[in-house]
Amino acid sequence: MNTIHEIVLSWGVFERMLAFVLLAPLVGGLLAGIDRKVSARFQGRYGPPVLQPFYDAFKLFQKEKIIVNKFQDFNIVLFLMFTIFSGALFFAGADLLLTIFSLALAGTFFVLGGFCVGSPYSHLGAEREIIQQVAYEPMIILVAIGMYQVTGSFKVAVIAQYQLPLILYLPGVFAGFLYILTIKFRKSPFDLSMSHHAHQEIVRGLTTEFSGSTLALIEIAHWYENVLLLGMVYLFFGFNPWLAVFVALATYLFEIFIDMNYARFKWQLTFGSSWLFTAVAGVSNIIVLSLMR
Amino acid sequence: MGWFKRSPWVLHYNATSCNGCDIEVIVSLTPLYDLERFGIINTGNPKHADILAVTGSVNEKSRQVLLNLYEQMPNPKVVVAVGLCATSGCVFQDCYNVLGGVDKVLPVDVYVPGCAARPESIIDGILKACEILEEKYKLQKKQAASG
């Protein structure tokens, strides 16, 4: 592990970006496959093969292209591009704030893609997506602020190599981040806008009008996003790379566990609870930290 | 590589069925039969679907809905008639309001018999439909290549 760490450290900015662009979809797709397998096991089923998300994506690329209007695909391509951009920035060790803002921009393009078509299901999904964004965005910014307070830098490269355990300074921020991570991973109880399960409720939310290769691009963007978010979990435990990777994977399994055990919340409860949790866990942690210094 | 065979997504439509076959379709998703182990997902959205599984004898009211759903599905696509009502109209075939089978409206590729169709035979029918899906894709590609 330490040798891998050293190899990564010896790379330049562009090599790291390239590594993210090429490797993240493989890791993300594999994680999605493990997710489906583990979810099936929780429900007492055998479950699809671990490589199933890749099969799905390859199949979707072979399907006929049905485009409702010309803005639809444009928005989704921008969604994918900005997700890759923010992930590449993160893994190149650039500014954490810039990563967070470009990820928010990517999410905005996704919502615009949902709004530009005529389907009421898609509109409902897009509205719910906006509510989710408002619910999780403050906490993500608090993560950056908390890390700045401890390490004195917004640079991911500096934060990742900080020798003291960040988690001991930021337990509240980490708890808050775990809470909104459920929204970002699109897991129950917060899978309001589009869900991998129960396709019948609002058909398929945001992705209702997307088919074929565009739907595959949405899936791939989601894989990139998941890897980026697990990278942010890594930062909390950056003092020990082994522990950090372990905790990132454990976090993913924890989210699957939550997903299997909860029914879907209403949007009011989603919004209220995540802001309350952000205030109680995140803001109080940051206040205590600033009083200690 | 046969990606269609590995990830067929099913849209299920109830065209005036008595719900017997519908329950059996849902049963094939439960832990006992677990359709998802073949990568099959029961989707509610025609734009995501590859296979249209229809139950029921189809009457004048459901005819247009069925056509709409079929037209919204991107190619290649396959229709599976689940249960005796969907294949022939069963005991309802002489009713004045009943068309008597899905094939009066859509080109059906696989007929799954049974009243109600057993989950085993539904799974068998869906897997047969996967192979037809694969053939249709190859044919479509050949036609596109030859212009």
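Q: Which elements are included in what covers the buried residues of H3(A)?
A: This model is predicted: local features need pLDDT of at least 70, side-chain atom pairs count only at pLDDT 80 or more, and totals for chains, interfaces and linings use all residues. Residues are numbered from 1 along each chain as its sequence is written, while chains are lettered from A and ligands numbered from 1 in the order in which they are written. Helices (DSSP runs of H or I, at least four residues) and strands (runs of E, at least two) are numbered from the N terminus. The cover includes helix H2 (13-42) and H10 of chain A, together with helix H1 (3-6) of chain B.

Q: How many of the residues of H3(A) are buried?
A: A residue is buried if 20 or more other C-beta atoms, placed from the backbone, lie within 10 Å of its own, exposed if 12 or fewer do, and partly exposed in between. In H3(A), the buried residues include Phe54(A), Tyr55(A) and Leu60(A), as well as Asp56(A) and Lys59(A). The helix is mostly covered, and the count is 8 of 11.

Q: Which element gives the largest share of the side of chain A that touches chain B?
A: Residues are in contact if their C-beta atoms, placed from the backbone, lie within 7 Å. The contact takes 25 residues from chain A and 18 residues from chain B. On the side of chain A, the elements that give two or more residues are helix H3 (52-62) and helix H10 (212-236). The largest share, 6 residues, comes from H3(A).

Q: How many nonpolar, polar and charged residues does the side of chain A that touches chain B have?
A: Here Ala, Val, Leu, Ile, Met, Phe, Trp, Tyr, Cys and Pro count as nonpolar, Asp, Glu, Lys and Arg as charged, and the others, Gly among them, as polar. Sorted that way, this side of chain A has 8 nonpolar, 10 polar and 7 charged.

Q: Are H10(A) and H11(A) parallel or oblique to each other?
A: Axes are lines fitted to C-alpha atoms, for helices over the stretch in contact, and angles run from 0 to 180 degrees between N-to-C directions. H10(A) and helix H11 (residues 241-261) of chain A pack at about 130 degrees, with axes 8 Å apart. Angles under 35 degrees count as roughly parallel, over 145 as roughly antiparallel, 65 to 115 as roughly perpendicular and the rest as oblique. The two helices, H10(A) and H11(A), are therefore oblique.

Q: Which residues of H11(A) meet H10(A)?
A: The residues of this contact divide into 8 nonpolar, 1 polar and no charged. From H10(A) come Leu230(A), Val233(A) and Tyr234(A), and in H11(A) they meet Ala244(A), Val245(A), Val247(A), Ala248(A), Thr251(A) and Tyr252(A).

Q: Is the crossing of H6(A) and H9(A) left-handed or right-handed?
A: The axes of helix H6 (residues 120-151) of chain A and H9(A) come within 9 Å and cross at roughly 145 degrees. A crossing is left-handed if the near helix is turned anticlockwise from the far one by less than a right angle, and right-handed if clockwise. The way H6(A) passes H9(A) is left-handed.

Q: Why does Leu170(A) count as buried?
A: Leu170(A) lies in the loop between helix H8 (166-169) and helix H9 (171-184) of chain A. Leaving aside residues up to four places away in sequence, Leu170(A) touches Gly146(A), Val150(A), Phe236(A) and Asn285(A). Leu170(A) is buried because the number of other C-beta atoms within 10 Å is 26.

Q: Which strands are the edge strands of the sheet in chain B?
A: Strands pair if DSSP finds at least two bridges between them. The open sheet has 5 strands in the order E2-E1-E3-E4-E5, with parallel pairing. The twist averages 30 degrees from one strand to the next. Pairing on one side only are the edge strands, E2 (41-43) and E5 (110-112) of chain B.

Q: Which residue of E4(B) stands opposite Ile51(B)?
A: E3(B) and E4(B) pair in the parallel sense over 5 bridges. In E4(B), Val79(B) and Ala81(B) point one way, while Val78(B), Val80(B) and Val82(B) point the other, and all are buried. Opposite Ile51(B) stands Val78(B).

Q: At about what angle does H2 of chain B run to E3(B)?
A: Helix H2 (residues 20-27) of chain B lies across E1, strand E3 (51-55) and strand E4 (78-82) of chain B. Its angle to E3(B) is about 140 degrees.

Note on methods
Two residues are in contact if their C-beta atoms, placed from the backbone, lie within 7 Å.
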